[in-house]
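Dear colleague,

Please find below the structure that I am handing over to you. My findings follow directly after it.

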Amino acid sequence: MEPTAVEELSYEQAFAELEEIVRLLETDSKTLEESLALFERGQALARRCAQLLEQAELRIRQLTGEDLTYEDED
Amino acid sequence: MLGHMEQRSFLPYLRTISLRVSDLTLYLRQVLESDLLLQDVWVQGEISNLSRPSSGHIYFTLKDEGASLRCVIWRSTAQRLRGNLQNGMAVEAHGRISIYERDGQYQLYVDSMRLTGEGWLYQEFLRLKARLEQEGLFDPERKRPLPPHPKVVGIVTSPTGAALQDMLNILRDRYPLCEVIVAPAQVQGDNAPLTITAALRAVCRQNPDVVILARGGGSLEDLWAFNDERVVRAIAECPIPVVTGIGHETDFTLSDFAADLRAPTPTGAAVAVSPDRDDLRRELSGTIDALAAAFGSRLDQLTGDLDEATYRLDHLSPLRRVENDRQRLDDLVERAKRAQKHILALRQARSQALAGRWAALNPLAVLQRGYAVVTDTAGRVLHSSAGLQAGQDVHVRLAEGAFDAQVTAAHPDQPHP
């Protein structure tokens with residue numbers, strides 16, 4: 001399965017995958033190529049997280065009449 | 001016969017003044033209504049004959065051991081009264097005494113009520129709290145943990161209140177990574193419980209990770225909607241963790257008891273649901289270090305394997321020139337060469353990747369530690385001395401300033417330090 005491009009990951013997704021990669025590198029005896037690939041993926045994820053953290057702007061949405069129903073639902 | 005008797009018994013009164021019943025009743029009513037005490041009086045007794053017809057008015061009798069008093073609560077007043085009246089309740093009723101002319105019945109027109117002894121609202125609060133507590137709505141086991149990194153935060157509050165702006169400011173500052181969905185509700189008044197429960201349900205349909213239910217400070221009456229059974233149940237039934245921030249630090253509502261977490265204020269609730277960006281920076285930095293360390297130790301491990309292979313190669317006895325050994329030696333040499341190439345590539349990759357790591361956080365940091373970036377005349381960063389010619393011009397960038405230089409000799413085979 002192709003990993004998702006880091007640009008499409010949310011902070012939570014990128015950070016979770018980064019942590020998983022650290023865990024894999026720490027516990028599994030991967031081959032050179034695998035270790036290197038994991039490490040590079042980890043770097044990309046870390047950059048993505050840092051970028052999101054510094055550039056994020058709060059998005060706010062207010063529900064309006066059609067989302068809200070005031071009938072007594074009970 | 002009947003007519004005769006009537007005539008006889010009424011005859012003696014013919015010449016005295018006689019009032020019509022209506023006139024007398026009106027007169028009595030005026031007497032009662034001009035009495036200051038009777039127009040502003042608290043009466044205590046026990047409720048009986050309670051009746052609530054569909055008109056919305058409430059009728060009952062207040063009585064004690066010796067007497068009873070008819071009482072009326074008009075619908076408009078009844079709607080303002082909190083709590084359920086019940087037969088047998090000892091209460092104090094306030095109002096004015098007047099006459100219901102059709103029945104010739106004097107009665108108390110109630111405009112407010114309280115339980116005898118402790119305050120009415122508080123009694124009602126305790127009664128409902130005990131009931132819901134017994135149902136298990138406030139059990140600690142029901143409390144769910146909050147998500148550490150919520151992606152979507154739902155907020156149920158007044159869209160015009162200062163509390164909302166305060167919360168948004170906190171989230172903007174601490175955790176701008178999240179999306180906020182505001183579900184507007186009336187947070188006080190008769191419609192408040194209905195709009196709060198509807199807003200809670202509506203915001204949950206948007207599937208947020210956590211929901212804040214908040215209201216700025218106010219009087220006990222102002223906060224009363226948050227003691228409404230419907231609101232409390234809606235919180236308990238909410239499929240998503242709820243954090244309350246209602247009133248001030250000292251205010252406790254039943255909503256607070258039903259919530260997964262009670263924050264002292266709206267801003268407190270915003271802080272409770274959001275990780276601090278500074279903490280996230282530290283967390284990320286720590287994880288990057290762990291990544292580098294994990295990869296580094298994997299490299300060391302692989303280098304160790306190579307050393308071992310080289311060692312074994314060196315110590316193979318030259319005396320055993322069996323064909324087999326010969327072949328094995330060739331194999332090992334081949335493998336060692338391949339591994340050597342890998343390690344070189346890997347070290348190069350590591351230094352690049354580590355540089356990348358620092359650059360992600362602070363591109364100047366590496367240079368400030370005494371490193372330099374070397375580029376060729378076309379501005380391409382040089383990663384390898386392979387391909388460099390003696391006499392070639394290069395550009396060297398330092399933490400402060402840069403200089404041009406010329407290659408005197410290239411050593412492509414020299415391993416990474």
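In which sense, parallel or antiparallel, do strand β1 (residues 59–62) of chain A and β7(B) pair, and over how many bridges? The two strands run in the parallel sense, and 4 bridges join them. Within this pairing, Q62(A) has V182(B) of β7(B) as its bridge partner. Please bear in mind throughout that this is a predicted model.

**The contact between the chains**

The pairing of β1(A) with β7(B) belongs to a contact to which chain B contributes 49 residues and chain A 42 residues. About 4300 Å² is buried between chain B and chain A, and 66% of that area lies on carbon and sulfur atoms.

Polar contact is also present: 11 residue pairs, both members at pLDDT 80 or more, are counted between chain B and chain A. On chain B, the side that touches chain A draws at least two residues from each of α5 (162–174), β7 (179–184), α6 (192–205), α10 (277–314) and α11 (323–361). The greatest share of that side comes from α10(B), which supplies 15 residues. By residue class, the side of chain B that touches chain A comprises 32 nonpolar, 7 polar and 10 charged residues.

**Salt bridges**

Side chains of opposite charge can pair when their charged atoms come close. Over all chains, the whole structure holds 18 salt bridges, and the count between chain B and chain A is 2.

One salt bridge links E54(A) with R281(B), whose closest N and O atoms are 2.8 Å apart. This pair crosses between chains, with E54(A) in helix α2 (residues 32–55) of chain A and R281(B) in helix α10 of chain B. Another salt bridge is formed by the side chains of E179(B) and R61(A), at 3.3 Å from N to O.

**Strands of chain B**

Within chain B, strand β1 (residues 41–51) runs antiparallel to strand β4 (residues 90–100), and 6 bridges join them. In this pairing, V43(B) has A93(B) as its bridge partner in β4(B). β1(B) is also joined to strand β2 (residues 58–63) of chain B, again antiparallel, by 4 bridges. There, I47(B) lies opposite L62(B) of β2(B). β1(B) and β2(B) form a hairpin with 6 residues between the strands, and G56(B) in the turn has a positive phi of about 95°.

β4(B) in turn pairs with β5(B) in the antiparallel sense over 10 bridges, with I99(B) opposite Y106(B) of β5(B). The hairpin of β4(B) and β5(B) has 4 residues between the strands, and G104(B) takes a positive phi near 60°. Strand β5 (residues 105–115) of chain B also pairs with strand β3 (residues 68–73) of chain B, in the parallel sense and over 3 bridges. In that pairing, C71(B) stands opposite L108(B) of β5(B).

**Aromatic pairs**

Over all chains, 5 aromatic pairs are found in the whole structure. In one of them, the ring centres of Y11(A) and F15(A) are 6.0 Å apart and the ring planes are at 5°, so the pair is stacked. Y11(A) and F15(A) are separated by about one helical turn because they are 4 residues apart in helix α1 (residues 11–27) of chain A.

With kind regards

Notes
Residues are numbered from 1 along each chain as its sequence is written. Chains are lettered from A and ligands numbered from 1 in the order in which they are written. This is a predicted model: local features need pLDDT of at least 70, side-chain atom pairs count only at pLDDT 80 or more; totals for chains, interfaces and linings use all residues. Side-chain values use heavy atoms; hydrogens and water are left out. Contact means heavy atoms within 4.5 Å. Buried area is the accessible area (1.4 Å probe) that two parts lose on being put together, summed over both. A salt bridge is a side-chain nitrogen of Lys or Arg within 4 Å of a carboxyl oxygen of Asp or Glu. A polar contact is a pair of N or O atoms within 3.5 Å; within protein, one must be able to donate a hydrogen and the other to accept it, and residues adjacent in sequence count only if both atoms are side-chain atoms. Ala, Val, Leu, Ile, Met, Phe, Trp, Tyr, Cys and Pro count as nonpolar, Asp, Glu, Lys and Arg as charged, and the others, Gly among them, as polar. Two strands pair if DSSP finds at least two bridges between them. Rings of Phe, Tyr and Trp (its six-membered ring) pair if their centres lie within 6.5 Å; planes under 30 degrees apart count as stacked, over 60 as edge-to-face and the rest as tilted.
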